[in-house]
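Subject: Structure handover

Hello,

Here is the structure we discussed. My notes on what turned up follow below it.

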Amino acid sequence: MQGSDTAQKRTRPLTSSDESSLLHRLTEPVPLVVLITVVGLALRLVSLGARVAHQDEARVAYWIYTYSQNGVWYYRHIIHGPFLMQVNSIVFSLFGANDFTMRFIVALLGGLLPLAALLFRERLKPSETVALAFLFAANPVLLYYSRFMRNDVILGVAMVFALGFLVRYFDTRRLSYFFAAVACFALGFTMKENALLYVACWVGAGVLLYDHRLMLKRVGNEGIGAAVPRRYRIGAVRLMERDRSVMNSVLKALGVGLAAIIEFLIIFIYFYAPRSQSQPGPGLWKSFSHPEMIPKVLVAATVTVGNNFIGWQGHADHAYLPYLEHLLTTLKVGALALCILAVVGFVLDRYSGDRPRDVVAFGFYWGVASILGYPLVMDIKAGWAAIHAIIPLAFPAAVGLALVFRWGWEAYEDHDDVSLAAAAVLLLLVVASAGTTAYSTTYQHPQDPDNQFVQYAQSSSTHSKPLLHTLERISRENEGTDVLFYGNKFYSSNEAADDVYPVESGEGGEGWFARLPLNWYLESADAQMASTQNASNLRGDKPPIVIAPANVSTCSSEDSTAEDIESYMSGYTRYEFQRFSYNSGCHISTTVIYVQNSSLSS
């Protein structure tokens, strides 16, 4: 195809002149991207609190809530970066702690991701910019995990905006874009440790892009040195000749670089500095009134965090191929059309025009590196790893999707009914595939074990929200102990210690972990909890809520179960709650919840 499909030269930004005037008006990027963003936000916010909390969501939300109450926090790599901890503690303080507020920040940032497409509008055609925003908003994997309190989506958002602001800086030379890029980049490092993997992928993609330029220059018989832009070569010569204007420019660049480093450190230290409001020890806010703490706070927020950040290996000692297979299966279910379009867009951009565009090739290399790299570092099989491949692959996929649209538009203008119908069918297949998968996985079956995006620690009790609300109500209305956990699996030797972040496995906290996600709902309702391993303690007066394991784990036949206390539970209604989507080794999958009949009727 000719005309509007011809790739643009790198010597000038892409403009609307490459598309017909009417087509340009129909694909004007700013209003369409804003509209797509509004729709994407709505899709993420509707019924946001309906799904029962995944156990990862529940444990982190529990710690966020207790932090908002007692002001105690320090970095632990097992729950990743402090961004959600710090931001959600403010949200909880202002609007209360529940499943909606827990997920709100992730949904908000995930919904704003389509706006990032506008930062690349000088490097993409208008129709490609709109297509990129659509893929960011409508991809089923991005949609599902934008409604999930994890750091993966918001990390991807932060890094895409960081890259976009950097691209805008090179397009406009406005320093405000550069410092916005630094801020987003720093925030990404406060979200999750695999921000380092983004840097690694970017460096690798950058090397391949530079290799493109070497090849093109050598093909043009200009030599390898010509791959360095001419203005830089001239500047280097003038610098050696002590040209004052060049020296001033270098000093200005060093000043900007120093300011960027300071900006990064301020953001990083603010989020990672320990908090110890109600406990002894160094803390960020304490250091303002106790200056002698400042060195300890700075060391804790930089050196100590850095050592944990870089040195953490997780639990990635596993075979590579099963994890790669799981990732590819997730991409097949949630992003097959996007992946096909990414290959089409990459090949089209690389071979059909005058020369390939950096942003398209960069996204493709970044995405492929993520597919190959993440199975090496994942500690569990989980669909959220696909996020980090889908986001970069959306760039070349937008080129492929826009091509189909322009092909159909040209067929319409040329009265080519066959080509128009073919293009329309392809577009409908892409949209229908995304829509059907998104509806099924996100809204219809968000906790179904057969849903590829559901990880095993997701409760499969899809209709238990009314019961959980009842437990919360009873806990708020009751005086004294509200909940009694029975059994050695649920027992905690120090219930009070469980309210101080963090609960440590192996130090009286095993019972706390076994209760997830129920303890999140109970804690957010300020329930008073107790536990016992002795069934005879339930013969007399009991709290209005009693919780016990329904079945023994596969690892021990000596575990206490609800059958031990069933004869003592007269006057209580029995409910069953599935903690896991399916049985998982030594974990207790089914929990029995006894609720006092008089409390139910109150």
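**Salt bridges**

A search of the whole structure finds 15 salt bridges (a side-chain nitrogen of Lys or Arg within 4 Å of a carboxyl oxygen of Asp or Glu). This is a predicted model, where local features need pLDDT of at least 70 and side-chain atom pairs count only at pLDDT 80 or more, while totals for chains, interfaces and linings use all residues. Residues are numbered from 1 along each chain as its sequence is written, and side-chain values use heavy atoms, with hydrogens and water left out.

Helices (H or I, at least four residues) and strands (E, at least two) are DSSP runs, numbered from the N terminus. Arginine 168 is buried because its relative accessible area is 7%. Glutamate 122 is partly exposed, at 26%. The cut-offs: buried is under 20% relative accessible area, exposed is over 50%, and partly exposed is in between (1.4 Å probe, protein chains only).

Aspartate 171 pairs with arginine 123 in another salt bridge, with the closest N and O atoms 2.8 Å apart. Aspartate 171 lies in helix H8 and arginine 123 in the loop between H5 and H6, so this pair ties together parts 48 residues apart in sequence. Both count as partly exposed: aspartate 171 at 28%, arginine 123 at 27%.

Glutamate 566 and arginine 574 form a salt bridge too, and their closest N and O atoms are 2.7 Å apart. Glutamate 566 is partly exposed at 33%, and arginine 574 is partly exposed at 31%. There is also a network: salt bridges with shared partners join Asp56, Arg59, Arg150, Asp152 and Lys192.

**Surface patches**

Val30, Val34 and Val38 make a nonpolar surface patch of about 220 Å². Patch residues have over 30% relative accessible area and no salt bridge; like charges are joined within 9 Å, and nonpolar side chains (Val, Leu, Ile, Met, Phe, Trp, Tyr) within 5 Å. Areas come from the Shrake-Rupley method with a 1.4 Å probe; for residues, only the protein chains shown count as cover. Valine 30 sits in helix H2 (residues 29–45) and is partly exposed, at 36%.

A patch of negative charge gathers Glu413, Asp414, Asp416 and Asp417 on the surface. Asp and Glu count as negative, Lys and Arg as positive; His and the chain ends are not counted. Each charge is placed at NZ of Lys, CZ of Arg, CG of Asp or CD of Glu. Glutamate 413 belongs to helix H17 (residues 387–413) and is partly exposed at 38%.

**Backbone**

Histidine 415 is not a glycine, yet has a positive phi of about 60°. It lies in the loop between H17 and helix H18 (417–444), and is exposed at 67%. Aspartate 526 also has phi near 60°. Its place is the loop between H21 and strand S4 (529–532), and it is partly exposed at 46%.

The peptide bond from leucine 516 to proline 517 is cis, with omega near 0°. Proline 517 is in the loop between helix H20 (510–515) and helix H21 (518–524).

**Cysteines**

The structure holds zero disulfides (pairs of cysteine sulfur atoms within 2.5 Å). Cysteine 201 is buried at 13%, and cysteine 339 is buried at 18%.

Best wishes
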